Amino acid sequence: MDELAGEFEAERARLRGLAFRMLGSAAEADDAVQEAWLRLNRVDSVDNLAAWLTTVVSRVCLDVLRSRKARREDPFDVVPEPAADADPAGEAELADSVGRALLVVLDALGPAERIAFVLHDLFAVPFERIAPVLDRTPVAAKKLASRARRRVRGTSPLPPADLTRHRRVVDAFLAAARGGDLEELLDVLAPDVVRRADAAALPAGAALETRGARAVAEETQVFGKRAHFAEAALVDGAVGVVVAPRGRLLLVLAVTVEGERVAAYEVIADPARLAALHVALLSA
């Protein structure tokens, strides 16, 4: 028993990483790994422990995703509070290590697509082993992963050089916002920059529109706390920003770049508008 426990512990970190990418929740990932341990204790023998555990954790995660979808939980405008025994700092660190944009994109996939993509593209599991998890043929599992891959990567009408430049400007804006440095913000904002926002993104009574570099920069300094949960992403084919505490989408910034500066940005927080956006990863 001690030997089995030792072998399981050697797999725990990998299994937790797998489950977190599938579920986007550290607490649920830990529960899935624990369930795999409980099931392991009910079987007589396992030929390939790593493969067996991967299959079991994946099936548990698939059940959780299907149940979550059926209940239609986690509306876009609400970031769930962590459980009483949760570790928000640890979960934030985990989200940072995985990538908040990736978690947002994965959250938009269907359960089977998400499992197929994570297993194959992120953990190199062959489709012959993915198929039984999903109760599909290897060919069907491959199609699911391919469909998910197209959604994850996305496309942009911008020429590659423009896309790279826009990302550089947006990254500079985010860095300045995180640091709260007024001068750096003024450097990256156009003099006549415009900030627009959904009412749901602002305190009651706040103006839906702000104009001018200094006014927008001073306002953005307040946004700095949320900027720590932000990451550049492809939003409807353009470089934008997702704000995702604990990997759950809260806000999207649709950014307009002109030259080497931000000419405008809109903070989108309305659930219906968020649901209509196509968010994808930016190429490395």
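Start by selecting Arg195, which stands opposite Thr210 in β2. The model in the viewer is predicted, so local features are taken only where pLDDT is at least 70 and side-chain atom pairs only at pLDDT 80 or more, while totals for chains, interfaces and linings use all residues. Residues are numbered from 1 along each chain as its sequence is written, and side-chain values use heavy atoms, with hydrogens and water left out.

Helix and strand labels follow DSSP runs numbered from the N terminus (helices are H or I with at least four residues, strands are E with at least two), and two strands are said to pair if DSSP finds at least two bridges between them. Extending the selection to the whole of β1, residues 189–197, shows its antiparallel pairing with β2 over three bridges, and on the β6 side a parallel pairing over five bridges.

**The whole sheet**

Now select the complete open sheet of seven strands, which has mixed pairing and runs in the order β2-β1-β6-β5-β4-β3-β7. At its edges stand β2 (209–211) and β7 (279–280), each with a single partner strand, so one side of each has no neighbour in the sheet. Strands of a sheet pair through backbone hydrogen bonds, in either the parallel or the antiparallel sense.

Move along to β3, residues 230–235, where five of the six residues are buried (buried means under 20% relative accessible area, exposed over 50% and partly exposed in between, with a 1.4 Å probe and protein chains only). β3 runs antiparallel to β4, residues 238–243, and six bridges join them; one place to look is Glu231, whose bridge partner in β4 is Val242. These two strands form a hairpin with two residues between them, and Asp236 in the turn has a positive phi of about 50°. Towards β7, β3 is joined by two bridges, again in the antiparallel sense, and Leu234 stands opposite Ala280 there.

**Two aromatic pairs**

Which ring pairs should be displayed next? The structure holds two aromatic pairs, where rings of Phe, Tyr and Trp (its six-membered ring) count as paired if their centres lie within 6.5 Å, with planes under 30 degrees apart called stacked, over 60 edge-to-face and the rest tilted. One of them is formed by Phe8 and Trp37, tilted at 45° between the planes and 5.0 Å centre to centre. Phe8 belongs to helix α1 (residues 2–23) and Trp37 to helix α2 (residues 26–40), so the pair ties together parts that are 29 residues apart in sequence. Both Phe8 and Trp37 are buried.

Phe173 and Tyr265 also form a tilted pair, at 5.3 Å centre to centre and 50° between the planes. Because Phe173 lies in helix α9 (residues 160–179) and Tyr265 in strand β6 (residues 261–268), this pair ties together parts that are 92 residues apart in sequence. Phe173 is buried at a relative accessible area of 1%, and Tyr265 counts as buried at 7%.

**Along helix α9**

Select α9 from end to end: its end C-alpha atoms are 29 Å apart, which agrees with the 28 Å that its 20 residues should span at 1.5 Å a residue (the expected span is 1.5 Å times one less than the number of residues). Its buried residues include Arg165, His166, Val169 and Phe173. Just after the helix, Gly180 takes a positive phi of about 65°.

**The nonpolar cores**

A nonpolar core is a set of buried Ala, Val, Leu, Ile, Met, Phe, Trp, Tyr and Cys residues joined through side-chain atoms within 4.5 Å. The largest one has 58 residues, and Ile115 and Leu134 have the most contacts inside it. Helix α3 (residues 49–71) supplies the largest share of this core, eight residues. A second, separate core of 36 residues includes Phe173, Ala176, Ala217 and Leu282.

Centre the view on Leu134, which touches Leu62, Arg66, Ala112, Ile115, Ala116, Ala141 and Leu144, leaving out residues up to four places away in sequence (contact means heavy atoms within 4.5 Å).

**Annotated spans**

Finish with residues 8–69, which UniProt lists as "domain: RNA polymerase sigma-70 region" in an unreviewed entry; UniProt positions are in the numbering used here, feature names are shortened, and annotations may be inferred rather than shown by experiment. That span is 84% helix and 0% strand, with end C-alpha atoms 30 Å apart. At residues 101–151 the unreviewed UniProt entry places "domain: RNA polymerase sigma factor 70 region 4 type", and this span is 80% helix and 0% strand, with end C-alpha atoms 13 Å apart.
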